[in-house]
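This report looks at one structure, moving from a contact inside a chain to the way in which chains are arranged. Please keep the model in view while reading.

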Protein chains: 4
Amino acid sequence: MSPWLRLKKRTREVVNVASSADDHLSRVFDVTVMVLVAGNILAVILESVEALANRYGPFFAVFELLSVAVFTVELVLRVWVAAEDGHRGVSEWRERVRYLLSPMALADIAAIAPFYLSGFFAMDLRFLRFLRLLRVLKLTRYSPGLAVFAEVMRSQRAAFASAFTVLVLMMIFAASAMFVVEHEAQPEAFSSIPASMWWAVATLTTVGYGDVTPITPLGKFMASSIMVVGIGMVALPTSILASGFTELHQRHLRTLEMEADRAAADGVLTDDETTQYNELAEQLGIDPTEAQQIVEAATRSFQALDGEEGICPHCGKGATEA
Amino acid sequence: MSPWLRLKKRTREVVNVASSADDHLSRVFDVTVMVLVAGNILAVILESVEALANRYGPFFAVFELLSVAVFTVELVLRVWVAAEDGHRGVSEWRERVRYLLSPMALADIAAIAPFYLSGFFAMDLRFLRFLRLLRVLKLTRYSPGLAVFAEVMRSQRAAFASAFTVLVLMMIFAASAMFVVEHEAQPEAFSSIPASMWWAVATLTTVGYGDVTPITPLGKFMASSIMVVGIGMVALPTSILASGFTELHQRHLRTLEMEADRAAADGVLTDDETTQYNELAEQLGIDPTEAQQIVEAATRSFQALDGEEGICPHCGKGATEA
Amino acid sequence: MSPWLRLKKRTREVVNVASSADDHLSRVFDVTVMVLVAGNILAVILESVEALANRYGPFFAVFELLSVAVFTVELVLRVWVAAEDGHRGVSEWRERVRYLLSPMALADIAAIAPFYLSGFFAMDLRFLRFLRLLRVLKLTRYSPGLAVFAEVMRSQRAAFASAFTVLVLMMIFAASAMFVVEHEAQPEAFSSIPASMWWAVATLTTVGYGDVTPITPLGKFMASSIMVVGIGMVALPTSILASGFTELHQRHLRTLEMEADRAAADGVLTDDETTQYNELAEQLGIDPTEAQQIVEAATRSFQALDGEEGICPHCGKGATEA
Amino acid sequence: MSPWLRLKKRTREVVNVASSADDHLSRVFDVTVMVLVAGNILAVILESVEALANRYGPFFAVFELLSVAVFTVELVLRVWVAAEDGHRGVSEWRERVRYLLSPMALADIAAIAPFYLSGFFAMDLRFLRFLRLLRVLKLTRYSPGLAVFAEVMRSQRAAFASAFTVLVLMMIFAASAMFVVEHEAQPEAFSSIPASMWWAVATLTTVGYGDVTPITPLGKFMASSIMVVGIGMVALPTSILASGFTELHQRHLRTLEMEADRAAADGVLTDDETTQYNELAEQLGIDPTEAQQIVEAATRSFQALDGEEGICPHCGKGATEA
């Protein structure tokens, strides 16, 4: 392998999430990026406090420049190593462009693009600072925990879409009803359906600021009915999510049970099978005790099918023996 | 087939939800109705903004006329094709009347009736506009996603009825208690039990506007207890819905498992059986990987039942061997 | 049977919940009581409106007298028929006293006791009227739907007790923390820990009236943390209830599965067994389709165990045949 | 056994949670500590009311001294008996130090440390009193009910951590967005991102005080979107907890089923096995009826596996026959 290829391979290992705790350089790189992102979020928050912005303005500016520099170098490295080692020329660059369009790369681009674009376009400085918060998206690379949420969202996406539709329609109905009933009494707060939406959203989400409330008896009656429906609106996503988590867990259990059956199918659990099985259990987030019970049951069930437990207690012959 | 019958049959295909993406005319019809309904909702919302109503009044009026025209033609066509092709005379019209009383047709009627009735009766214009929102009910024809919610609601209707009863009784109790305790201190806000209901509903649904709050120590103590109970009131529908979704999923899984057992009962999974099975899995909203695991387990279990790990103990051949 | 005993037996049938829709008199009795209770609730609510109380005062008074008369007669009849028919003298009255101490009888007593006691003691009239709401407890006799809630509450009582303890402790902690932090800035609203409890309860239940809010930065920070914890406080009862409903359904399914196994154990499902099985399924609130699937699976599984499906496709012998 | 060792052993029994209701002294000790802790909580609450503090100040002081004395003696006794009986010298004290670092001992230390430290350091008296609330932690020793919550929290800790991260990020985003949009219109309420956080937390937790609300149309639109997302924020912990409870119950059921299989594996359920099984069921919080069904099914399933409905095919005797 040429030194160049070796450098590229090593760079890829370093910029990717460290696969083992022993790869110290890769770990240092990961932690540096995470700390830098956290520092950026903190900087955005603190810089919004006028007193701090005035006093530590130069420090914030230097930190921003440094961050953009690091993130730019990081992006360049990632694009460089995106091409498979054997590929060359056009195909090499096609792979890099494809990588640039992946969600992870887009998050990296979104993290630095505003800085560079602000040179070309006049942008509201405050809005620009706010965009720096998008750098937090870079962290998704390091957060396997969010994958479970994403998986549940994905498998329940139809239900969530329906729930969202129902919610939006309920809001339109609620806003319209209150507009019809309260418009005369409070022409300012309920000046139009869009204006009444402010009340409807705050009510159906049970936030209930109380800055706008119905004052006519009919308005209060309708609002009461809408509030009761609001309980249902809050109940829908919660219950979809709850059953989604339960279903995912059941799916994971079934996967583990099939692996246990496969491992126990020859009546013997080799060390390799056990290691592999335990790794799968951990990956699926199954409790170790439960995983142990599952594989025990699979072994027992194999033996039962195989006649080993079917020994007649009277004549000593296997129950399925000829 | 007479040209007349052929026209009727084709019209039925067009006005019904397109069964295949290839029936372009039917798809165009569906999309037109959906866009028109969405446009109507938007028009109701925008027309409520005085500035827009004043400026674009004629446009809104034309759009309304056009919408009613299209919806009227649509209803007439649906009624026409509601009669089975072979039927004639009285039985033909009886079927059409029966169709007119179906929920879907009633939604279509509700969408245009207010317009026609406003010619006969003097109606509040704002209320009339609000009724146009009912046109959204026409969309249920195109929304299979809502069917799951309806199914869960149906299977848990007894629990929901009980929860609603408990909620209403709690509200009456809470309102009465606060009326007794706070009436003297706040004779306006807690003037009667119906008036106190406004506070009770806002509190038990955890909306909590804060426009009416107890001020006496005893009132605050009772209100605190009621708020704690309010958590339970929010918890009831959420938990009923959550367990309802979980139960429905379990029911779907069982249905799929029985289909898998049936398909695997002869030891062979034909292509037809596989296709039918996968279609059922998709229809029931089961994850494809899980569906695959279920059918695999069914096949394996058949083999286990059919002999010592699939080997006939008498002739030594595998049970699923040709 | 003596006419007296026959009258008593018939009275018992009438005052108890009608066991069949054909017992018209019993149905009439049940519906009368239910309507009267509902009317009483309505009367309490309406009488609290001063204008109605002034205008229809005599009507309310007559309705109250009538209700108490009916409820008194009802209670007397129930006590009378509480004694088993064969019993006499002391044992007869012992049974009646035992009945008087049952929850149902206590609810009946609570419904009329305030009226009679008000003759002996001077009681606040408004509080007295409020006590009439307790008459709603009489309805529990007719509401089997609430039994499911009671069953879930009972099986999860330990979890609910723990959740309630956590909630109360959290409220004390929150109130104390805010008292320490905000007392100086708002000596009125946060005058003591009990006073701060008002804020703590409204916040932890996410009601959030906003009549009392922290104003110091430290107070706002602590309040923010408490609000986040408040999500958890709302989550606890909801999740306990949700898993309680799911567990109850699983228990019911298991009961039905065992009944199916028992019915199918002899390979034949008699009409009697089918009727009994379907009744159990309805009583347990299991979906009819699912109940059908369960009994089918039980039959199939019996046949598989019995060797009927275990016919070797090659030699024609049963797989478990000797 | 020397009298000294016997005294130590008996002391250990007394200070530990009574293992049987018959050990009266141990029960008295437990109840005394619990009552004293409850009294302390009450004292902290009541002492915060100025009128009570002025009037009963000396009583509160004496009660505090008494409580600290009892808790100190309790801690000393616990440390003393922490060393195993056979151990001496260094190893004896090492065990005691190890005990002092256990969570339970730390709770005991936290209960009295503030009192002793207040002699050395000048501390805010109100803050000091507040610390006394930590004495409630001593109660965890007596509360097995909380163990279920702790177990669910532990098994779902990854999901909770992710949910918390999402919540915090959402709050930062919401606060930043509202800061950008509303800063100009309300420079006081939305003076900086940390200041806007107050609004964001109250909104995303659906508390909704209403002391700070957006007033610009764009602000209201963004706030509405944030409120809808807020439903999801409330839904996440609830659904994680709900599926956590369900999963824990399933795990307990599986454990009980395995125990039932083990007990039924020899075809006979001895009295010992039955007692042990029922104890496990109670400990796992499984409904007695369900536990009974599980063991019945296990027995039946053993018999089915062991021959044609429990008849040995070779000797003709029932498999579970003596």
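## A salt bridge within chain A

In this predicted model, the side chains of E74(A) and K138(A) meet in a salt bridge, with a distance of 2.7 Å from N to O. E74(A) belongs to helix 3 (residues 50-81) of chain A, whereas K138(A) sits in the loop between helix 6 (125-131) and helix 7 (145-155) of chain A, so the pair ties together parts that are 64 residues apart in sequence. Over all chains, the structure holds 84 salt bridges.

## Domains of chain A

The domain assignment divides chain A into domain 1, covering residues 3-142, and domain 2, covering residues 143-322. The centres of domain 1 of chain A and domain 2 of chain A, taken over C-alpha atoms, are separated by 34 Å.

## The interface between chain B and chain A

At the interface, 48 residues of chain B are in contact with 53 residues of chain A, and the area buried between chain B and chain A is about 4400 Å², of which 69% is given by carbon and sulfur atoms. The count of salt bridges between chain B and chain A is five; one of the salt bridges joins the side chains of E257(B) and R254(A), at 3.3 Å from N to O. Between chain B and chain A there are also six residue pairs in polar contact, with both residues at pLDDT 80 or more.

On the side of chain B that touches chain A, the elements giving two or more residues are helix 2 (24-47), helix 6 (125-131), helix 7 (145-155), helix 8 (157-182), helix 9 (193-204), helix 10 (217-264) and helix 12 (288-305) of chain B. Helix 10 of chain B supplies the largest share, twelve residues. By residue class, the side of chain B that touches chain A divides into 29 nonpolar, ten polar and nine charged residues.

## Relation between the two copies

How can chain B be laid on chain A? A turn of 90° with a shift of 0.0 Å along the axis brings chain B onto chain A with an RMSD of 0.1 Å, which is the relation of a four-fold axis. The copies use different surfaces, in that 17% of the contact residues of chain B recur in chain A.

Conventions. Residues numbered from 1 in each chain as written. Chains lettered and ligands numbered in written order. Predicted model: local features only at pLDDT ≥ 70, side-chain atom pairs only at ≥ 80, totals over all residues. Heavy atoms only, no water. Contact = heavy atoms within 4.5 Å. Buried area = accessible area lost by both parts, 1.4 Å probe. Salt bridge = Lys/Arg side-chain N within 4 Å of Asp/Glu carboxyl O. Polar contact = N/O pair within 3.5 Å; in protein donor to acceptor, adjacent residues only side chain to side chain. Helix = DSSP H or I, 4+ residues; strand = E, 2+ residues; numbered from the N terminus. Nonpolar A, V, L, I, M, F, W, Y, C, P; charged D, E, K, R; others polar. Least-squares fit on C-alpha atoms with pLDDT ≥ 70 in both. Domains from an automatic or database assignment.
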